[in-house]
Structures are given as C-alpha cells and as structure tokens.
Amino acid sequence: MDSKKVLWSGRFKEGATDATLAFTSSLHTDVKLARYDVLGSIAHAKMLSAQGIISQEDGKEIQKGLKEILLQIEDGTLPIQDSLEDIHSNIEFILTDRIKDAGARLHTARSRNDQVVTDVRMFMRDAILDTIEELIGFEKTLLEVSKDNIDVIVPGFTHVQHAQPVTISHHFMAHFSRIRRDIERFIESYSRVNVCPLGSAALAGTTYDIDREYTSSLLGFQNPCYNSMDGVSDRDFIAEFLFNSSLCAVHLSSICEELVYWSSQEFAFIEMDDAYATGSSIMPQKKNSDVAELTRGRTGAAIGDLVNILTTMKGLPLTYNRDLQEDKDAMFSSYTRLTSCIKMCSAMIATLSFNKERMLSAASEGFMNATDLADYLVVKGMPFRKAHEVVGGAVRYCIDENKKLEDLTLKELQSFSDLIEEDVFDILPLEKCVNRRKSFGGTSPEIIPVQLDNGHSAVDRQNAFLIGERNIIEQAFKALE
C-alpha cells in the first residue's frame, strides 16, 4: 500500500506493513459514523470561514464537497476504500481528491482526536434518544396490560416461594417502575453526552482563533467541553451508556425469567402468542419461549460490553491513546442489541394470554393470607411478633390436616387465640386480602389507578424530553445539510 494513503505519512520514511495497517484499521466499525463525520466537518468548515481562518471561497467549496459526500453516504454510493484505516480518512481523501487544496484545508485547527470523539458523541445522542423511544413504547405496553388486569389475582413471590396475593396490574407496574428508572438514567446521562469536544484539537487546544461555541451550536450541542485534554481522552459517557444499557438489560432479563417460568406447564399462568414462540425439531408438542429466553441470554453480552470499556479505560493515562479505538464495538453492539430486545419484549408482552383461573387457584395455595390473619390479631391487640407465632402454629396445623386457613372452623381458629371472632372470615378470602391493601403503592384495585395515572404522567414527561431534544438535533443538522 502507498504510504501516502494515510493521513500521517509525512513523518515516516517507509509505510507500515499491510499487516500493521490491517491490524490498526477501524473501518469495519467506524463506517457507522460516516454521516456524523461529514456533519461535524461541515460545521467545522463553516466556523473556519466565519473566523477568517480559511477563505470564504474555500469554506463554500469544502461545504459543497462535503454535502455531495453526505448524499452518497445516504444513498450508499460512497466509494469507500478498505485499504484506508478509517472512515475519517476515507472522507478526507475523497474530498481532497475532488476539490484539491481547499479540501486539504479542512483539517486546520482540529485533530482526529477531537474529530472522532465528536462523531461518537453525536451518535451517542441519537442512540440514547432511540433507546428512550423504545422504552417509552414498552412502558405503554406495561401500562395497557396493567389497566386490563386490575382485578386479576396472582401469587406474589419472595425467594420464589408463595408470599402474598397481588394483582397482575400491580405486578406489571413493578416492572414499569424499573423501566421508568431506566429511562430516567438515560435522560440524566444525556446532558453529559451532549457536550462538544470539537476544537480541543489533539489535546491542548489550538493557536487559531476558533469559535467553539459557534461550532457547538451548529451541531446542536448544549455547550463545548471545558477542558481540551478531558474532551479528547475520557469515554465515561460511553461507560455510562453501557451501564444504563446493561442494567436495563438486567431488568428485561428479570421480566423474561418470570415469563419463561409462568409459561411452563407447572405454572401455566400465561401462554405466549405463536408469533413470539418457537417449536422443537423433535418434540411436536413443544412451544418454547425463545424470545424471552434469548433476551435473558443476551444480558450477558450487555454486561460484557460494560466490563470491556471499563477495563479499557482503567489503564489509560491522559490523554488520547489508541486503546480508545476499541470503544466503538461495545457501544454499537450494546445499542443494537438492547433496542431490539426492548422492541421484542414489548410485542411479546402485549400479546400474552393470561390464565386467570389458574393464577387464582395458585394464589389460594401456600397460605398467602397468613399475614392478613396476623394483622387481624394485631388489630385485636396482640403484639405482631406474638401474632406471627400464633399464625405460624395455625399454618402448621393446616399442613398436618391438609386444610387452608379459610377452611378452618371458628372453633379451630379460636384454639390458637381467643381473640379470633366471627369477623375473621371477612379478612381471609384472597380477594379481601388484595382489596384491603390500600396503602400508597399497594396492590388494591382501588389504589392501582393512582399508579397508572402516575405512570402516564411520567410517559408524557419522557415524551416531551424526547421530542424536544430530537427537534434540536434535527433542526441543527437540517441547517447543515
């Protein structure tokens, strides 16, 4: 390969070997940044000409050439050369080949260090907003399922043991709360991503009279970074995105873990829609929850991406090191994987069939009204710890006699405490246990609408943020294009 076909060849007597160039190439990954690279270059050229660093004529010629390249990127006809080390080199060589000296002036007052990380931040903004959009759609699915199942009783579990009866609505609103926090984390991190490093140059800034605020505003950023060394070196914004993504993936995995169990014959609480299940190549009776299982399985890769970037960052001195070329694979793969998992989970849950009779039957097993009997005794004046012991004895008696608490006669119940009276039968039915839990955030169908209203309000706020930030970016990019 011709040694001049790299941007840094002037220092070297001979070119690197083909093996070295192949080893150091990032083109297979950073080609995804092509559009952002051109937009960043257009903004940089506008600033250079506005500041008189390059002539107005050269500035216009550069912008015209870059816009032609942008059109080719969008229609897939850009002549990318695999022999060049990255997409940034490809774009610069194409531009310079077409407009000669004017194109060679584009890189004035910038380095690939600040150029690349600016591209990455622009991509990351879109990735966060795309993820938020998918999560909002998922929230709406959870809200809809919850609204439709306010009165449906299902066992609530701790330690995968029957604990207390709850409603399907309450259960899925718990998952909603997790997803809501995931969105909040992405929103909070967005401001730390939405910072423009362009103008930091290699690490120390530049001697040219550049206007970083102008460049930042052209690209829709909130502000330029305040320290040029930090601007080109740190990737904490990627690590934060990968943490948010991996935690969200963990939450999806938790939901899917339940759905896999719930769809088994042992539970038989739900049935997956045929569109989101697969069969067996040998057992014709099988209906496998493969969408849920694959979502659960892909969580490991999400966590691996986070560990990847943290391990890369931990050994790096200031400022830029080539190790940071390795930040992009984890970022791209995590974004693609997570958004597809969210989309599939939302569709899968929206089409679930609930076996309400089976869930109610399961909830009637395991003495899930035991706490209610203990609370009943507390209201009658017994200390809770003593009531706990008394009800534990009653449960042990029921196990020996193969009975349920609600099946015991008043005489049997009174053998455990003389505080028990006829009114005890008003609190033992499962429906009563559920309906009486009216505390804020509780499972009572009477209080669930408060959670639903709160959830819808959160979605409205999230949508407002999403639309507002997308408009800022779209308007900025439209002006550049």
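## Exercises on cavities, pockets and buried residues

Let's begin with Asn-244, which sits in helix 11; helices (H or I, at least four residues) and strands (E, at least two) are DSSP runs, numbered from the N terminus. This is a predicted model, in which local features need pLDDT of at least 70 and side-chain atom pairs count only at pLDDT 80 or more, while totals for chains, interfaces and linings use all residues. Residues are numbered from 1 along each chain as its sequence is written, and side-chain values use heavy atoms, with hydrogens and water left out.

**Exercise 1.** Work out whether Asn-244 is buried or exposed, and list what it touches.

*Solution.* 
- Step 1: take the cut-offs, where buried means under 20% relative accessible area, exposed over 50%, and partly exposed in between (1.4 Å probe, protein chains only).
- Step 2: Asn-244 has a relative accessible area of 3%, so it is buried.
- Step 3: leaving aside residues up to four places away in sequence, Asn-244 touches Arg-185, Phe-186 and Ser-189; contact means heavy atoms within 4.5 Å.

**Exercise 2.** Describe the largest cavity and its lining.

*Solution.* 
- Step 1: on a 1 Å grid over the protein atoms alone, a cavity is a set of points where a 1.4 Å probe fits but cannot get out, whereas a pocket is an open set with protein on both sides within 12 Å along at least five of seven lines; lining residues have an atom within 4 Å of a point.
- Step 2: grid points are joined across faces, edges and corners, and a volume is the space filled by probe spheres set on the points.
- Step 3: the structure has four cavities of 30 Å³ or more, and the largest cavity holds about 70 Å³.
- Step 4: its lining includes Ser-245, Arg-298 and Cys-341, with at least two residues supplied by each of helix 11 (236-262), helix 12 (290-314) and helix 13 (327-350).
- Step 5: by type, the lining of the largest cavity has five nonpolar, four polar and two charged residues. Here Ala, Val, Leu, Ile, Met, Phe, Trp, Tyr, Cys and Pro count as nonpolar, Asp, Glu, Lys and Arg as charged, and the others, Gly among them, as polar.

**Exercise 3.** Characterise the largest pocket and the second largest pocket.

*Solution.* 
- Step 1: 22 residues line the largest pocket, and Gly-156, Phe-157, Thr-158, His-171 and Glu-258 lie nearest its centre.
- Step 2: strand 1, strand 2, helix 8 and helix 11 give two or more residues each to that lining, which divides into nine nonpolar, nine polar and four charged.
- Step 3: the second largest pocket has about 350 Å³. Of its 15 lining residues, Ser-263, Ser-264, Gln-265, Lys-287 and Asn-288 are closest to the centre.
- Step 4: the lining of the second largest pocket comprises four nonpolar, seven polar and four charged residues.

**Exercise 4.** Find which residues of helix 14 are buried, and what covers them.

*Solution.* 
- Step 1: in helix 14 (residues 356-363), Met-359, Ala-362 and Ala-363 are buried.
- Step 2: viewed down the axis of helix 14, these buried residues fall within an arc of 100 degrees, so they line one face of the helix; the arc is that of the directions from the helix axis to the C-beta atoms.
- Step 3: the cover over these residues includes strand 1 (153-158), helix 8 (168-193) and helix 18 (430-435).
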